[in-house]
Amino acid sequence: MDSQTTPLRVGMTPQRVPPPAALVIFGATGDLTQRKLVPALFDLYCDKRLPEGFTVVGFARREKSSDEFRAEMRDGATRFARNNPTGNPKWDKFAEGVFYHQAEFHDLNGCISLAKFLERVASERGTGGNVLFYLATAPEYYALIVEQLGQVNLAHAERGWRRVIIEKPFGIDLASAHELNRRVLGVFDESQVYRIDHYLGKETVQNILVLRFGNAIFEPLWNRNYIDHVQITAAESVGVEGRGGYYDTGGALRDMVQSHLLQLMALTAMEPPVSFDATAVHDEKVKVLRAIDPLSPEEINNQVVRGQYAASGTIPGYREEPRVDPTSCTETFVALKLALNNWRWAGVPFYLRTGKRMPRRVTEIAIQFKAVPHPLFAQQVAEGVEPNVLALRIQPDEGIHLKFAAKQPGQTIRLRDVDMDFYYKTAFGSAPGEAYETLLLDALRGDSTLFNRKDEVEIAWSLVTPILEQWQNSPSPTFPNYAAARGDRARRTTCSRATDACGASRDGIFDFRFSI
Ligand code: BG6
């Protein structure tokens, strides 16, 4: 068992530095290490959040020296970190603890030599045998690497702790996720396993719980009596960004809905946990996921919409992207309507949608309140007075907005919608930090609150797998069916195919509602 667990209070991140440790990144020559992990680690280092002797071991197949690896990581930090490594003595100090270990993933000898190297690191850099493994390889290697760690006795230590972070995707459907869990848990205990969903590390996502349970005014309204529906949107202006090979085997439902959007839904809908420790938070999220009504074949036809972007001007269509099958039927847009079978949410639809090459980048949870019971001011409406909306803006322009009706100045009563805004940047002086900083630090501290538990991942897959199977067995959709947008039009827009296909009256909300 992992005995080092220290519960984190969400929203009250302790400044405590984690104990000395080594981080071994499998698949270290990939994009994630250069763009996210090392920049996050360097920023943590500059902020004095990492322990003395902290060591990074990049494990990958390509031949290169530790010096070459350090130079690549410095390039990554230059482009993506908050702190500039160029001419910065802090980079030199940080880089002293960065090493490269070349080996094939399927070669047990690679793990045998890693074990020896880690022994050296433990004594020379004082990491005390604490090791965090990070699986950032192609997903097909996850189980193999974990089993090899088990075979060379790296999964458990007499002295210090061992943990493993597993990147998404955790499986490609329910059966594969179940099998991966079985193999991982054949080696590590659940308490050592950190299944990452980087959305959970975003400040604004953690703030959902603080907003709901740290304030008295929202929770009494947070139910079927006052809320008409909830919209959860993750619109991206980018396309597949050179990840065509991976994306074409997945699609938006697997890539975004199974993980990020269902997590946002769980945090929005969950009951207050008894405390903010990992078990209590996971238990409440699992209750929400279990309460989601699985969609029947008919509901899948009527309540799930998929799309794929076509070329537009100089922007290539999805099928023209590198390493994408030119006849691909992989969806780059998906919208679906879910219902929750529980006392708080019965009858309140949750609309989830996500797409690439959308006109604007926005991730937002919009709580749409019911209309007033009696339209006392119906005659006095000046322009567009709609029911109240509380929008939790996850990104960009992170913040919270409440839309309500107000009287326009003047001698007569005229109503208009106004916005009450909170922006992170203005309130706290800076935009929220990078999710990977929070998550790496939490894993080093032994706090799994912001990671996924085995059952969460499997229930999420059990909800999307029937949709994937039904699509698999249906005639091919007519793709592409929406034009790639340039991503710079900050105006209200409509994904009309989604609107048309969903039909039902309230589903006009599939129009993109951008609160500007
Ligand atoms: C990843 C998906 O998990 O999340 C990507 O694989 C997607 O396809 C990304 O672009 C979105 O993350 P963010 O933090 O940019 O919203």
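Close-up 1. An oxygen atom of the ligand sits 2.8 Å from an N or O atom in the side chain of Tyr199. With Asp255, the distance from a ligand oxygen atom to a side-chain N or O atom is 2.5 Å. The protein covers 81% of the 400 Å² of accessible area that the ligand has on its own (areas by the Shrake-Rupley method with a 1.4 Å probe; for residues, only the protein chains shown count as cover). A polar contact here is a pair of N or O atoms within 3.5 Å; within protein, one must be able to donate a hydrogen and the other to accept it, and residues adjacent in sequence count only if both atoms are side-chain atoms. Keep in mind that this is a predicted model, where local features need pLDDT of at least 70, side-chain atom pairs count only at pLDDT 80 or more, and totals for chains, interfaces and linings use all residues. Residues are numbered from 1 along each chain as its sequence is written, and side-chain values use heavy atoms, leaving out hydrogens and water.

**Close-up 2. The shell around the ligand.** Residues surrounding the ligand (a heavy atom within 4 Å) include Lys168, Lys202, Glu236, Arg243 and Lys356. By class, the shell has 2 nonpolar, 3 polar and 6 charged residues (Ala, Val, Leu, Ile, Met, Phe, Trp, Tyr, Cys and Pro are nonpolar, Asp, Glu, Lys and Arg charged, the others, Gly among them, polar). Helix α9 (residues 252–269) gives the largest share, 3 residues. Helices (H or I, at least four residues) and strands (E, at least two) are DSSP runs, numbered from the N terminus.

**Close-up 3. Gln34 in helix α1.** Gln34 belongs to helix α1 (residues 31–46) and counts as buried because its relative accessibility is 18% (buried is under 20% relative accessible area, exposed over 50%, partly exposed in between; 1.4 Å probe, protein chains only). Leaving aside neighbours within four places in sequence, its contacts (heavy atoms within 4.5 Å) include Glu72, Met73, Arg79 and Phe80.

**Close-up 4. The buried side of helix α5.** In α5 (residues 142–151), Tyr142, Ala143, Ile145, Val146, Gln148 and Leu149 are buried. Their cover includes β1 (22–26), α4 (108–124) and α6 (174–185). After α5 comes Asn153, with a positive phi near 60°.

**Close-up 5. Ser328 in its loop.** Ser328 lies between β9 (309–310) and β10 (333–338), buried at 4% relative accessible area. Not counting residues up to four places away in sequence, Ser328 touches Asp248, Gln308, Tyr318 and Arg319.
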